[in-house]
Amino acid sequence: MGLGLGFGLVLHSPAQGRGPRAQPLLDPLEDGEAVGLSVPRFAIVCTQDRAIGPTRQREMAESVGAEIFELPASHSPFYSMPERVVDLIDRIAHADAKKA
């Protein structure tokens, strides 16, 4: 089963027999705001990430208008500090619910 990602790639699971690789989509993704949809966007910047540096993470988040939060974590904060990730997601969810 493939997982479509907003930046125009589809990742395939090894179970499909294709191996874990990314393929470009043939059709461009539609901009939700262009078709009248507005979805809140949030990003967690991992300030100690050496795979994708914090500067690049911020650039990607800003390019989609995401509200940015930070954690002093490496590339996989859901492994190194799962409680903090859950707390942050919970905080984001409750703050967003108050805006609605």
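How exposed is Phe-42, judged by its relative accessible area? With a value of 32%, Phe-42 comes out as partly exposed, because anything under 20% would be called buried and anything over 50% exposed. Keep that residue in mind for the views below, which are drawn from a predicted model.

**View 1. The whole chain, end to end.** Five strands and three helices make up the chain. Of the 100 residues, 18% count as buried. The chain exposes about 7,500 Å², and 58% of that comes from carbon and sulfur atoms. Now take the contacts between residues at least 6 apart in sequence: 32% of them join residues at least 24 apart.

View 2. Strand 4 covers residues 42–46, and five bridges tie it to strand 5. The two strands run parallel. Look across the pairing and you'll find Ile-44 standing opposite Phe-69 of strand 5.

**View 3. The largest nonpolar core.** Eight residues build this one: Cys-46, Phe-69, Leu-71, Ala-73, Met-81, Val-85, Leu-88 and Ile-92. Two elements, strand 5 (67–71) and helix 3 (82–99), each hand over two or more residues. Helix 3 is the top contributor, with three. Setting aside residues up to four places away in sequence, Ile-92 touches both Phe-42 and Phe-69.

**View 4. Phe-42 and Phe-69, ring to ring.** Searching the whole structure turns up two aromatic pairs, and this close-up shows one of them, Phe-42 with Phe-69. The ring centres sit 6.3 Å apart and the planes meet at 40°, so this pair goes down as tilted. Why not stacked or edge-to-face? Stacked would need planes under 30 degrees apart and edge-to-face over 60, so 40° falls into the remaining class. The pair also links distant parts of the chain, since Phe-42 belongs to strand 4 and Phe-69 to strand 5, 27 residues apart.

View 5. Is Phe-69 buried or exposed? Phe-69 is buried, at a relative accessible area of 14%, because the cut-off for buried is under 20%. Phe-42, on the other hand, is partly exposed at 32%. Phe-69 is also a member of the eight-residue core, and Ile-92, another member, touches both phenylalanines.

Terms used. Residues numbered from 1 in each chain as written. Predicted model: local features only at pLDDT ≥ 70, side-chain atom pairs only at ≥ 80, totals over all residues. Heavy atoms only, no water. Helix = DSSP H or I, 4+ residues; strand = E, 2+ residues; numbered from the N terminus. Buried < 20%, exposed > 50% of the residue type's maximum accessible area, 1.4 Å probe, protein only. Contact = heavy atoms within 4.5 Å. Areas by Shrake-Rupley, 256 points an atom, 1.4 Å probe, with all protein chains shown as cover. Core = buried A, V, L, I, M, F, W, Y, C linked by side-chain atoms within 4.5 Å. Pairing = 2+ DSSP bridges. Phe/Tyr/Trp six-rings, centres within 6.5 Å; stacked < 30°, edge-to-face > 60°.
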